[in-house]
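The sequence and the structure are shown first.

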Amino acid sequence: VAQPAALGNPSFFLSVVVVFLVTCLAAVVPWHSLPKIAIAVLPIADIAAVCVLRNAEHGMGASYLLVFPVIWMASHFGVRGAIWSVVLTAAFIWGGAMSPGAQPERIPLLVLLPVMLAFVAATTHATTKRTSAQKALLRQQAGLFETALRRSRRQEQLLDEIFNAVDFGVVGFDANGKANLYNRAQREMLARVGSPLGQPVPEVMYGEDMVTPYLDSERPSARVLRGETVERITMWAGEPGQTRIAVLVSARPLLDDQGNLDGGVIVSRDVTAEMRAIQARDDLVASVSHELRTPLTSILGYLELSIDDDRLDPGIRTMLEVASKNADRMLALVSDLLTAASDSKGVLMLAFAHCEMSGIIADAVDSIRPLASERDITFELPERPVIQLEADAFRLRQVADNLLSNAVKYNVHGGCITVTLDVTEDDLAELRVTDTGRGMTNEEQQNLFDRFYRADSVRGSNVHGTGLGLSISRDIMRQHRGDLRLESEAGRGTTAIATLPLRGVGASAAG
C-alpha cells in the first residue's frame with residue numbers, strides 16, 4: 001500500500017504470492033496426519049519468500065521478517081531446527097548477494113543478519129526447552145495432585161462411611177465451639193431429644209443423678225476448648241418428663257500443625273438401656289435384701305434363744321450353732337447387697353466422728369481369728385502406731401472386715417496373713433493386708449472392683465461371696481478421700497492397700 005510500484009517487480013510479486021500460498025497451506029492441510037518433519041516445509045518456504053522479498057526491495061526492511069520462521073523452526077524442531085533455519089537463511093541471503101548488481105556496501109549486513117538470527121534461534125531454543133521442562137514438571141505435579149486428590153476423596157468417603165456405620169455418635173467442632181461434622185448416630189441422637197444441629201451435644205444436659213444440670217463451663221465441648229480431655233462421663237439429655245437418654249461421653253482436643261488448639265471431637269454412646277437395667281437391678285437387689293433382712297433377724301433371735309437354753313441336747317446345740325453361723329453369714333450378705341444398692345444411688349451416708357484406726361484394725365483381726373483358725377491360718381501383726389482421726393468408724397471397720405475376710409477365704413490351708421498399719425511420708429494412713437493365697441492373674445485384676453464380679457478361678461470353688469466386698473470397700477475409702485488398690489501375682493498371694501489422708505480431716509498420729 002505504501003509502495004504500489006513495488007508490485008511491478010516480478011520477484012517482489014512472486015514472494016508475496018508464495019507467502020499467501022504458504023499461509024493457505026498452513027490452514028487447509030491436515031498436518032496432524034502427516035509426519036512432523038513435513039511441517040518444516042512452511043517455515044522453509046517462508047524463509048525463501050522473505051529472502052526473495054528482501055532482495056527485490058532492500059528499502060522495506062523485510063529482513064526482520066526472517067525472525068518469525070527462525071523462531072518457528074527453533075521452537076518446533078529443537079537444536080536441528082535452530083541450526084538449519086540459520087543455515088538456510090544465510091544461504092539464501094548470501095546467494096542473493098552473489099547475483100549481478102549486488103551492492104558491496106551491504107556485505108557487513110550479510111554477516112550481521114545471520115549472527116542476529118543465530119542469537120534469536122539459540123535464545124528461542126533455550127526458552128522453548130526451559131518452557132517444555134516447566135510444562136513437563138507442571139504436568140507431573142498436576143498428575144500427583146490429581147492422584148492425591150482422588151486418594152483424599154476416597155479416604156474422606158471411606159471415613160464418612162465408617163462414621164455413619166458405627167452405632168456411637170461422633171461430632172467435630174471448631175475452635176469457636178461450632179459443630180462442623182456429624183455422623184448418622186449423632187444426628188439421630190439429637191433428633192430423639194429434639195435438639196437442633198449446630199451444637200456438639202444436646203442443649204439440655206444433666207448429671208448422672210438426672211437432676212443436676214451441667215453448667216456451660218462444664219460441658220464437654222467447653223472443657224475441650226480449655227485443653228482438657230474428657231474420659232467416659234455419663235450425661236442425661238432431655239428435660240425431666242420428656243424423652244431422656246443417657247449418653248456416655250468422651251472428648252479430645254484437636255491441634256493444628258503448630259500445636260495450637262483447633263477444635264475438638266466428641267464421641268458419645270447411648271447407654272440408656274444399660275442405665276435402666278442397672279437401676280432395675282439395684283432396685284430389685286434393694287427390695288429383695290430389705291425383705292430378707294427382717295425374717296433373718298427373727299431367725300437369728302430365736303436361734304440365739306434356743307442355744308442359750310441349758311436343757312438343750314449337745315447334739316442339737318451343735319446343729320443350731322451351725323444354723324446360726326450360716327444365718328449370720330446370710331445376714332452379712334444381705335447387708336452387703338443393701339449397701340451396694342444404696343451406694344449405687346449415691347446415698348451411702350457416712351457419720352464422721354473421732355476414732356482410732358489401730359483399735360479398729362485390732363477388733364477386726366480378733367473377729368476373724370476363729371474363722372482363720374479353722375484353716376490353721378496364722379497372723380503376723382507388727383506394732384502399729386496410734387492414729388487418731390475423724391472418720392466413720394463403722395465403715396472403716398467394714399473395710400477392714402472385707403479385706404481380712406478375703407485374705408482368709410482365698411488363702412491356702414496353713415497360710416499366713418500379715419497386717420500392717422503405718423503413716424507414709426505423704427501423711428497417709430496406710431493399711432496393708434497381705435496373704436499367702438492363690439493370687440490373681442492380670443486379667444482377673446482388671447475387673448476386680450466391678451460390682452458382682454468374681455474371678456473364673458473361684459466361681460466353681462467352695463469359696464462363697466457376692467463380688468461386692470471390694471467394690472463397697474473402695475467406695476467407702478474414696479468417700480473418705482482415700483483409696484483402695486490391690487497388688488497380686490498368680491500363685492504368690494495378694495496385698496490389699498487401703499490409704500486414708502490424715503491432713504484436712506482432723507487426724508493425728510503418735511508412735
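## Basis and overall content

Two strands count as paired if DSSP finds at least two bridges between them. By that criterion, strands β10 (residues 416-423) and β11 (residues 428-435) are a pair: they run antiparallel and are joined by 7 bridges. Within this pair, Ile 417 lies opposite Asp 435 of β11.

The model is predicted. Its protein chain contains 13 helices and 14 strands. Of the 511 residues in the chain, 37% are buried. Among contacts in the chain with a separation of 6 or more, 61% are between residues 24 or more positions apart.

## The six-stranded sheet

An open sheet is built from 6 strands in the order β2-β1-β6-β5-β4-β3, and the pairing is antiparallel. Its edges are β2 (179-182) and β3, each of which pairs on one side only. In general, strands of a sheet pair through backbone hydrogen bonds, in either a parallel or an antiparallel sense.

Starting at the β3 end, strand β3 (residues 205-206) is paired with β4 over 2 bridges, in the antiparallel sense; here Tyr 206 faces Trp 236 of β4. On to strand β5 (residues 245-255), β4 has 6 antiparallel bridges, and Ala 237 has Ile 245 of β5 as its bridge partner. Strand β4 (residues 230-237) is mostly covered, with 6 of its 8 residues buried. Between β5 and strand β6 (residues 261-270) there are 8 bridges, again antiparallel, and Ala 251 stands opposite Ile 266 of β6.

Helix α5 (residues 184-192) lies across β1 (169-173), β2, β5 and β6. The direction of α5 is at about 95 degrees to that of β1.

## The five-stranded sheet

The pair β10 and β11 belongs to an open sheet of 5 strands, ordered β8-β10-β11-β13-β12, in which the pairing is mixed. The edge positions are taken by β8 (378-380) and β12 (483-488), each pairing on one side only. From one strand to the next, the twist averages 15 degrees.

Helix α9 (residues 357-373) lies across β8, β10 and β11, and runs at about 175 degrees to β10. Helix α13 also packs on this sheet, where it touches β12 and β13 (494-501). The direction of α13 makes about 135 degrees with that of β12.

Helix α10 (residues 393-409) has 17 residues. From its first C-alpha to its last it reaches 24 Å, close to the 24 Å expected at 1.5 Å a residue. At the N-terminal end, α10 is capped by Asp 392, which has a side-chain oxygen 3.1 Å from the backbone nitrogen of Phe 394. The helix is mostly covered, 12 of its 17 residues being buried; among them are Leu 396, Val 399, Leu 403, Asn 406 and Val 408.

The axes of α10 and helix α13 (residues 469-479) come within 9 Å and cross at roughly 145 degrees. The crossing is left-handed. On the α10 side the contact is made by Arg 395, Leu 396, Gln 398, Val 399, Asn 402, Leu 403 and Asn 406. On the α13 side it is made by Gly 469, Leu 470, Ile 472, Ser 473, Ile 476 and Met 477. An α-helix has 3.6 residues a turn, so residues three or four places apart point the same way.

Key: Residues numbered from 1 in each chain as written. Predicted model: local features only at pLDDT ≥ 70, side-chain atom pairs only at ≥ 80, totals over all residues. Heavy atoms only, no water. Buried < 20%, exposed > 50% of the residue type's maximum accessible area, 1.4 Å probe, protein only. Helix = DSSP H or I, 4+ residues; strand = E, 2+ residues; numbered from the N terminus. Expected span 1.5 Å × (residues − 1). Polar contact = N/O pair within 3.5 Å; in protein donor to acceptor, adjacent residues only side chain to side chain. Axes fitted to C-alpha atoms, helices over the stretch in contact; angles between N-to-C directions. Left-handed = near helix turned anticlockwise from the far one by under 90°. Contact = heavy atoms within 4.5 Å.
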